[in-house]
Amino acid sequence: MSDSYDVIVIGAGPAGYPAAIRAGQNKLTVACVDEWKNTDGTYAFGGTCLNAGCIPSKALLESTELYHRAKYEFAQHGIKIGDIKLDLAQMQKRRATIVKTMTNGIASLLKAAGAVGIQGHGRLLPGNSVQVTAPDGSQKTLQAKHVVLASGSTPIRLAAAPHDGKYIVDSWNALEFDAVPGRLGVIGAGVIGLELGSVWSRLGSEVTILEALPDLLPMVDQTIAREAQRHFKKQGLDIKLGAKVTRAAVSGSLVDVVYSNAQGEHALQVDKLIVAVGRRPFTQDLLAEGTGVELDARGFIQVDEHCRTAAANVWAVGDVVRGPMLAHKGKEEGIMVADLIAGRYGEVNYKVIPSVIYTAPEIAWVGLTEEQVKASGRPYKVGAFPFAASGRARAMEAAQGMAKIVAATDDDEILGVHIVGPLAGELIAEAVLAMEYSASTEDLQRTIHAHPTLSEAVHEAALAADKRAIDAINR
């Protein structure tokens, strides 16, 4: 292993490993240092996303949705399969296998790009040196012309609900339950809370979600959020809004939770309690004194629009910097930085970053909500199309939700697209591409969409913005 590189990346999550791969593609010498350690003691690349977030959660969401459909929907298709039995151990084995396959793939991708993968803790020293502490405790100092900080994020802990990893758990622990909790409490009705609540609800848990804010998903277009909330209620998720947890304590094999709302103080007893109130940047022992890298009041590394820090030739990307904590946002930042270091062009369009919540129905959006456009004072129009009018959605027994487009009245530019419904996370890609090219609703209107497909809902929503929808009544 060399002691000197053109680029050293600290962190091999979805922001770090793409930076290392692109740097290698740009013919730079590069090392990628990562300290992720799994609960079984093994080390792996991929960060939270691949090991304990995006990928394992989607594996369980897929498995549990199939279980739920087999139990409650297949008969409507004329498929009778008798009693459905859950094999949670096999479900968890599948999840773990997928994770291992993907993380091993990262190691292969790094090697193929000429990047050196190093297991250990990376710490930035003054002068663009990086101290690497190996799993056995040995230390080595490496030198780099450029350093990219991609240390990611970690779950926020609540003092009122002290984490013990068994009864009061975080999102990682909640992916590895070996039994279905009879009663499950979730603090936080954000993306993580709703997804994990959905997983265990489908398998039979009685799920109560406590959300301190008065509205569900305030970052989502509220027409979409209200529609989603209606379906979550039908599924049995008990979402209590304006509910602030004041204390939680383990009592024997149960968790006693106390929360307050406008009606006063309430008690709740559950078998497991998931704390899912968000994540914070992970910078523990990342920066030595005198590096020149600055943190803001919330602990994020301060960067400019190209992810440069205050220190020369030190960059930071992903969850550890401002902006949405999304894997794909971090990936694009890592690629941008690696290209800029190589003297190439690099940019991230922060106005067109899609978001997805992988519940059923899925929720996806890009751009501005109707509330944001209204607050801006810009004249606008709205088009919406329900999946109930989609033949493909009906055929899939998934005719819930809608597609909605918000566009400017003056020049017809698409300002935001919001979807709640089947495969919304896939459908939103068309909207992202359209907005990347500053498309108008007319551009979508004149684009032929195959029939019958779910994507026709986006097409019809664009038509509806001008009251020209064909497969729905224009209002």
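**Exercise 1: Backbone geometry in the loops**

Task: State where N313 lies, and determine whether N313 and D285 are buried, partly exposed or exposed.

Solution. The structure is a predicted model.

Step 1. N313 belongs to the loop that runs between β16 and β17. D285 is found in the loop between β16 (279-281) and β17 (314-316).

Step 2. The phi of N313 is near 65 degrees, which is positive although the residue is not glycine. For D285, likewise not a glycine, phi is positive at about 55 degrees. As background, most residues other than glycine have a negative phi.

Step 3. Buried requires under 20% relative accessible area and exposed requires over 50%. N313, at 38% relative accessibility, therefore counts as partly exposed. D285, at 44%, is also partly exposed.

**Exercise 2: Cis peptide bonds**

Task: Identify the residues joined by the cis peptide bond with omega near 5 degrees, and those joined by the one with omega of about -5 degrees.

Solution. 

Step 1. The bond with omega near 5 degrees runs from A360 to P361. P361 sits in the loop between β18 (355-357) and β19.

Step 2. The bond with omega of about -5 degrees joins H451 and P452. P452 sits in the loop between α12 (441-445) and α13 (456-464).

Step 3. For context, most peptide bonds are trans.

**Exercise 3: The nonpolar cores**

Task: Which residues have the most contacts inside the largest nonpolar core, and which elements give two or more residues to this core?

Solution. 

Step 1. The largest nonpolar core has 35 residues, and those with the most contacts inside it are I209, L217, F232, I239, I274 and I363.

Step 2. Two or more residues come from each of α3 (54-72), α4 (88-112), β9 (183-187), α6 (191-202), β10 (206-211), α7 (222-234) and β19 (362-367).

Step 3. Beyond its neighbours within four places in sequence, I239 is in contact with A189, L194, I209, L216 and F232.

Step 4. A second, separate core has 30 residues, among them I21, V30, C49 and L340.

Definitions and conventions: Residues are numbered from 1 along each chain as its sequence is written. This is a predicted model: local features need pLDDT of at least 70, side-chain atom pairs count only at pLDDT 80 or more; totals for chains, interfaces and linings use all residues. Side-chain values use heavy atoms; hydrogens and water are left out. A nonpolar core is a set of buried Ala, Val, Leu, Ile, Met, Phe, Trp, Tyr and Cys residues joined through side-chain atoms within 4.5 Å. Buried means under 20% relative accessible area, exposed over 50%, partly exposed in between (1.4 Å probe, protein chains only). Helices (H or I, at least four residues) and strands (E, at least two) are DSSP runs, numbered from the N terminus. Contact means heavy atoms within 4.5 Å.
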